[in-house]
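Colleague: I'm new to this one. Can you put it up and walk me through it?
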Amino acid sequence: MHADPTDFSRPGIERFFDGLLARASWVAGLLVVFTLLAGWQATNVEVAVNLSGLIGPETAGAQAIRDYEARFEPLRAEEVLVVNAASFADEQALAALEDLVLELQFVDGVDSVVSLAGLPAPGRDGAWLSGPELSGLTPLERLQTMRSTNPLAAQLVSEDMTSTVVVVISQEGQGGDGFAAEVMQAAAQISGLTAHNVGLAAVQRAIARELIRDLQVLAPAAIVLCFVLALLFFRSWRAVTVIAVPPIIGLLWFFGWLGVTGTAIDPVMGALPVLLIILAFSDTIHAYHAGLHRVQGRGPPKRALARALAETAPAAAMTSVTTAIAFASLSLTDSPSLKTMSYTGIAGMMLSLAAVLLITPVLMWAL
C-alpha cells in the first residue's frame with residue numbers, strides 16, 4: 001500500500017487551525033488592528049498612467065522617447081491647449097490671444113509659452129504678429145502671410161482661422177495636475193476664447209480618471225454579484241458574511257500594501273482587484289461549504305471545523321500558487337508595466353489567500 005502524501009501535511013495544518021480557533025478572540029483582535037492599518041495605508045494609493053511603460057526599455061520606441069526627452073527638454077512636460085474663437089481673423093480675437101499668452105506666462109511654474117503671438121519676426125527679436133512688418137495688413141492677411149511663409153505658424157493656427165495651438169512648458173518638476181488646473185484657470189479668464197487641454201499629459205490624466213472610475217464601479221459590482229450568488233446558494237446571512245468578508249478584507253490588505261510600497265495602479269493593473277475578489281470568493285466558498293458539513297456532523301464543532309479547513313486549505317493554497325505562477329511569468333517580458341503587474345499580482349494573491357485562511361475560521365467560530 002502507498003501512503004497518501006497529504007496525510008503527512010494534514011496533522012500539522014489541522015493543529016494550526018486548532019490553535020487558531022482556540023485563540024480566536026485574540027486572532028480576531030489582531031486581524032482588526034491589521035485591517036485598520038491596511039485601510040489607513042490604502043489612502044496613499046495613487047493611480048499613474050505612463051504609456052511608455054507598456055514597451056520594453058530597450059526597444060526602438062523606448063529609445064526614441066528617451067532621445068526626445070534629452071533633445072527637447074523641457075518640452076516633454078508641456079500642456080498643449082487648443083484655443084478656439086469665432087475667427088482669429090479679427091483684431092479683437094488676436095488681442096485676446098495676446099492677453100492669453102501674457103496671462104499664461106504669469107502662472108506659477110511656467111517656463112515658457114509657445115504660441116502664434118510669440119513667434120519671432122524674421123531677422124529680428126520680438127513678436128512677429130504685432131510687429132511693424134505686418135502692421136499695415138488686416139488680421140486675415142497677417143495670419144495668411146505667417147502661414148504661407150513660416151511652417152511653424154501653419155501648424156499653430158488652423159486654415160479656417162478658428163483654432164490655434166498654445167504650448168505651455170513647465171519648469172522642471174513643476175508639472176502635474178495642479179499645474180494643469182492653474183493653466184486652465186488662467187485661460188478661462190480671457191473672454192471671447194475657449195481653451196481645451198489636448199496634450200499627452202491631458203490624455204494620461206483622462207486615462208487615470210477613467211481607470212479610477214472603472215475601479216469604483218467594477219470592484220463593488222463584483223462584490224455585489226458574489227453577495228447575491230452566496231445568498232442564492234446558501235440562503236443565510238451568516239453564510240454571506242463568512243463568504244464575503246474575507247475577500248473584501250483581502251482586497252483592502254492589497255490596497256494597503258500598495259500604499260506602503262508606493263506602487264501606483266496603472267491601466268494594466270485595472271482588472272487585478274476584480275480578479276482577486278473572484279478567486280478569494282471561490283476559496284472562501286469551498287472552505288465554508290466543507291466546514292459547514294463537518295460542523296453539522298458528530299463531534300466537537302471546533303475540532304470538526306479545524307479538520308475541514310485542513311482538508312480545504314491545501315487546495316485553496318494551490319489555486320493561489322498556480323495563479324501566482326501565472327503572474328510570475330509576466331516578469332519575463334520587457335514591459336515595465338507587465339513586470340509591475342507580475343509582482344503586484346503575486347502579492348495580491350498571497351494576501352487574499354491569507355485573508356481567506358485566517359478570517360474564515362474566525363468568522364465561522366464567531367457565527
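Modeller: Start with Glu91, which is partly exposed at a relative accessible area of 46%. Keep in mind that this is a predicted model.

Colleague: What does Glu91 form a salt bridge with?

Modeller: With Arg142; the closest N and O atoms of the two are 3.3 Å apart.

Colleague: And is Arg142 buried or exposed?

Modeller: Arg142 counts as buried, because its relative accessibility is 9% and the cut-off for buried is under 20%.

Colleague: Which helices do Glu91 and Arg142 lie in?

Modeller: Glu91 is in helix 4, residues 91-105, and Arg142 is in helix 5, residues 139-149. The two are 51 residues apart in sequence, so their pairing ties together separate parts of the chain.

Colleague: Why would such side chains pair at all?

Modeller: Because side chains of opposite charge can pair when their charged atoms come close.

Colleague: How many salt bridges does a search of the whole structure find?

Modeller: The search gives 2. Besides Glu91 with Arg142, there is a salt bridge between the side chains of Arg213 and Glu210, with an N to O distance of 3.3 Å.

Colleague: Where do Arg213 and Glu210 sit?

Modeller: Both are in helix 8, which covers residues 200-234. They are 3 residues apart, so about one helical turn separates them.

Colleague: Changing topic. How many helices and strands does the chain have?

Modeller: There are 12 helices and 4 strands.

Colleague: At what angle do helix 9 and helix 12 cross?

Modeller: At roughly 140°, with their axes coming within 8 Å. Helix 9 spans residues 237-261 and helix 12 spans residues 336-366. The crossing is right-handed.

Colleague: What classes of residue make up that contact?

Modeller: Between helix 9 and helix 12 there are 17 nonpolar and 6 polar residues, and no charged ones.

Colleague: Now the chain overall. How much of it is buried?

Modeller: Of its 367 residues, 39% count as buried. The accessible surface of the chain is about 19500 Å², and carbon and sulfur atoms account for 62% of that area.

Colleague: And the contacts, what share join residues at least 24 apart?

Modeller: That share is 75%, taken among contacts between residues at least 6 apart in sequence.

How values were computed. Residues are numbered from 1 along each chain as its sequence is written. This is a predicted model: local features need pLDDT of at least 70, side-chain atom pairs count only at pLDDT 80 or more; totals for chains, interfaces and linings use all residues. Side-chain values use heavy atoms; hydrogens and water are left out. Buried means under 20% relative accessible area, exposed over 50%, partly exposed in between (1.4 Å probe, protein chains only). Contact means heavy atoms within 4.5 Å. Accessible areas come from the Shrake-Rupley method with a 1.4 Å probe; for residues, only the protein chains shown count as cover. Axes are lines fitted to C-alpha atoms, for helices over the stretch in contact, and angles run from 0 to 180 degrees between N-to-C directions. A crossing is left-handed if the near helix is turned anticlockwise from the far one by less than a right angle, and right-handed if clockwise. Ala, Val, Leu, Ile, Met, Phe, Trp, Tyr, Cys and Pro count as nonpolar, Asp, Glu, Lys and Arg as charged, and the others, Gly among them, as polar. A salt bridge is a side-chain nitrogen of Lys or Arg within 4 Å of a carboxyl oxygen of Asp or Glu.
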